[in-house]
Amino acid sequence: MSICTVYSFYEQCQEEAIGSSPFASVHQLAPIRLMKANSLLSYLHGSTVHTKEHVLLPSSLFPSELAAQLFQASRTYDIESFVHTSDDSFYLMQRTEKSLPYEARIIVAGTVREDLEQALRRNEITACKFSILGDIEKLHLMQAELIRQFQGSINVFISDKDCLDLMPLSVSKGAGLSVLAKHLGLRPDEIACIGDSYNDLSMFAFTPHSFAMENAPDEVKREARCVVRSVAEAVELAFEANRFMRG
């Protein structure tokens, strides 16, 4: 879970607010220019960035042969594999009782392609991300094997308690946030981000206004400017900073 600007999440999260953060004073924050919800861009771990008009900004994709090899490697273990594309669609080889709970966590519906590996190799489907879901011990084993096999070609990281993500090399949320900022003419100090996982660290490095959820790993919390108990708390801190700087 992460956002690159906090405004659009405020109304839906304001009821969960539980007060000011004990970890930092809002007076220490620089001015933050919060954008209206319809100005937001969305991106998938930094590999794709879309404007509100659904225009795709520069994206990073896996070469077709590498994508096919990664999909083949992901099938080694008895876990679920999803292939994500730059239009925010995702594909799976077959729908099973195991895959359904994972599919339910994704906003868009998945498409079944029994020939998924061949479609990747033929470049009929262009992958920008692989999500491999299952038992965390199996994921750690797969992570080590993929790093050994594809070192220098991909980014591999645990993004959730049951999810391993594979991304094109040099792709990160921080890189996607940089594209977003350039498109909107924003400086890093005019953006706030919230995260709770290791793949959020590159965003934290991009902007001085970084918020980690208190349930995040300790390594993630150490890299954030503030630690908060809710998204709404982070939003309120940003609003308070703006009000303070305006006098």
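These questions and answers walk through two parts of a predicted model.

Colleague: Which strands are the edge strands of the open sheet of six strands?

Modeller: The open sheet of six strands has mixed pairing and the order 6-5-4-7-9-8. An edge strand pairs on one side only. That leaves strand 6 (111–112) and strand 8.

Colleague: In strand 6, what is the bridge partner of Leu92?

Modeller: Strand 5 (residues 90–92) and strand 6 run parallel. Two bridges join them. In strand 6, Leu92 has as its bridge partner Val112.

Colleague: Helix 2 lies across several strands; at about what angle does helix 2 run to strand 7?

Modeller: Helix 2 covers residues 64–74, and its buried residues include Leu66, Leu70 and Phe71. These buried residues pack against several elements, among them strand 4 (80–85) and helix 4 (116–121). Helix 2 lies across strand 4, strand 7, strand 8 and strand 9, and its angle to strand 7 is about 5°.

Colleague: Is helix 2 roughly parallel or roughly antiparallel to helix 5?

Modeller: The axes of the two helices come within 11 Å and cross at roughly 150°. Angles over 145 degrees count as roughly antiparallel. Therefore helix 2, relative to helix 5, is roughly antiparallel.

Colleague: Which residues in helix 5 do Leu66, Gln69, Leu70, Ala73 and Ser74 meet?

Modeller: Helix 2 passes helix 5 in a right-handed crossing. Helix 5 (136–150) is among the elements that the buried residues of helix 2 pack against. On the helix 5 side, the residues met are Met142, Leu146 and Phe150.

Colleague: Now strand 11. Which of its residues point the other way from His209, Phe211 and Met213?

Modeller: Side chains in a regular strand alternate between the two faces of the sheet. In strand 11 (residues 209–213), five of five residues are buried. His209, Phe211 and Met213 point one way, and the other way point Ser210 and Ala212.

Colleague: In strand 11, what is the bridge partner of Cys193?

Modeller: Strand 10 (residues 192–195) runs parallel to strand 11, and four bridges join them. The chain gets across through helix 7 (residues 201–206), in a right-handed β-α-β crossover. In strand 11, Cys193 is partnered by Ser210.

Colleague: And in strand 12, what is the bridge partner of Phe211?

Modeller: Strand 11 and strand 12 (residues 226–228) pair in the parallel sense over three bridges. With helix 8 (residues 218–223), they make a right-handed β-α-β unit. In strand 12, the bridge partner of Phe211 is Cys226.

Technical notes: Residues are numbered from 1 along each chain as its sequence is written. This is a predicted model: local features need pLDDT of at least 70, side-chain atom pairs count only at pLDDT 80 or more; totals for chains, interfaces and linings use all residues. Side-chain values use heavy atoms; hydrogens and water are left out. Buried means under 20% relative accessible area, exposed over 50%, partly exposed in between (1.4 Å probe, protein chains only). Contact means heavy atoms within 4.5 Å. Two strands pair if DSSP finds at least two bridges between them. A crossover is right-handed if, with the strands pointing away from the viewer, the path from the first strand over the helix to the second runs clockwise. Axes are lines fitted to C-alpha atoms, for helices over the stretch in contact, and angles run from 0 to 180 degrees between N-to-C directions. Angles under 35 degrees count as roughly parallel, over 145 as roughly antiparallel, 65 to 115 as roughly perpendicular and the rest as oblique. A crossing is left-handed if the near helix is turned anticlockwise from the far one by less than a right angle, and right-handed if clockwise.
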